[in-house]
Amino acid sequence: MGQFIEQGLLMLYSFIFLMRVPADMKFVAAFLVTLIYICLGNTIVSKRILTITTGLYLLAAVCFPDFLLFAPAVLYEMLKKGWGRAGIVLGIICAYFYVGRDVEIFVLLICGCGFACVLFYQSRKCEKLAEEYRKIRDDSMELNLKLKEKNQNLLKNQDYEIYTATLKERNRIAREIHDNVGHMLSRAILMVGAMKAVNREGNLEEPLEQLEGTLHTAMTSVRESVHDLYDDSVNLKEVLLSLTEANTFCPVSLSYDMGYMIPREVKYSFIAIVKEALSNIAKHSKADRVDIVVREHPGLYQLIIEDNGCGVKETDGEEKAGIGIRNMQDRVAALGGRIQITAEKGFSIYITVPKEGGSLDESCNC
């Protein structure tokens, strides 16, 4: 838009020559032809056509010197196209017609052409600065997006590290309780049993019975607490990764997208199902690839196991494969979920388990 304004200013500058030449048909024709030439230069992309029009304009300027009165605007257009030689030819024609005939017009043409050169180079400088600004702005936006993505990844990794550290700490506490408190309680129970065996005083029998019962109750509570801590400390992602890495039958890919608060029943069921599925695939399928998807949705948990083998048939004569599939079905049914098994174009298992307090029908309607 700035170039149009600058060319318009140069066209207006050429009207100064009306003080030296009459406003006749030649001047009007020169104005219209120059305007058409400038418009063609701003609209036509073909370099060949523009070259022809430039040559015709220079030829017309030789035949009709009045065309040279608009040389500043024409020179600006030539500089835009990178035709410096054409601009030199235009200057030579101006000098040929006006140096010895009308020095004042020649001086005004020189000033106008100089003004056109200044405008052009200033405009090109502004365009370069604008281009650099856009590039810097785009680079800055790209860097901001990358930084935002890295921050999100860092926060996600930080949450996962905290989650992993929490599970490891629970596991450590469970081991400490089992190794220390559990052993001391076991020792105390054995000591009370020995005291009961050697006791000869009747008044101590009841207190010893109560003490033994209390120790047994404490031992039961400790065992339950240890089991609860250990069950909660199982990292489903790490266990599934270890199962896929331990599988040597064929490559196994794992796509894991689960949250951190997963019920222990879902964890152990998914682990057992994946173990059984990988075992069946290794024994009965001829697959060379297995895909496992574990995903959490707003209302349900999903497990998908697919391979590209020949499938697993329950009637292939091996009872264990049928028992394994029935075990999968029983585990999913105990969680209130659904399981779908297909053996077309490979073996596929689709499992959906509703979250606590919901149902599959409600989850599907959400």
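# A predicted chain: burial, helix pairs and one glutamine

Me: What share of the 366 residues in the protein chain is buried?
Reply: The model is predicted, so local features need pLDDT of at least 70 and side-chain atom pairs pLDDT 80 or more, while totals for chains, interfaces and linings use all residues. Residues are numbered from 1 along each chain as its sequence is written, and side-chain values use heavy atoms, without hydrogens or water. Buried means under 20% relative accessible area, exposed over 50%, partly exposed in between (1.4 Å probe, protein chains only). Of the 366 residues in the protein chain, the buried share is 34%.

Me: How many helices and strands does the protein chain have?
Reply: Both are DSSP runs numbered from the N terminus: helices are H or I, at least four residues, and strands E, at least two. The protein chain has 11 helices and five strands.

Me: What part of the contacts with a separation of 6 or more joins residues 24 or more positions apart?
Reply: Contact means heavy atoms within 4.5 Å. In the protein chain, residues 24 or more positions apart account for a share of these contacts of 70%.

Me: How are α2 and α4 oriented to each other, parallel or antiparallel?
Reply: Helix α2 (residues 25–43) and helix α4 (residues 71–81) pack at about 15 degrees, axes 10 Å apart. Axes are lines fitted to C-alpha atoms, for helices over the stretch in contact, and angles run from 0 to 180 degrees between N-to-C directions. Under 35 degrees counts as roughly parallel, over 145 as roughly antiparallel, 65 to 115 as roughly perpendicular, the rest as oblique. The two helices, α2 and α4, are therefore roughly parallel.

Me: Which residue classes make up the contact of α8 with α9?
Reply: Helix α8 (residues 236–246) and helix α9 (residues 264–284) pack at about 10 degrees, with axes 10 Å apart. Leu236, Val239, Leu240 and Leu243 of α8 meet Lys267, Phe270, Ile271, Val274, Lys275 and Leu278 of α9. Ala, Val, Leu, Ile, Met, Phe, Trp, Tyr, Cys and Pro count as nonpolar, Asp, Glu, Lys and Arg as charged, the others, Gly among them, as polar. By class, the contact of α8 with α9 has eight nonpolar, no polar and two charged residues.

Me: Is glutamine 302 buried or exposed?
Reply: Glutamine 302 lies in strand β3 (residues 300–307). Beyond its neighbours within four places in sequence, glutamine 302 is in contact with Phe270, Val293, Val294, Arg295, His297, Ile351 and Thr352. Its relative accessibility is 18%, so glutamine 302 counts as buried.
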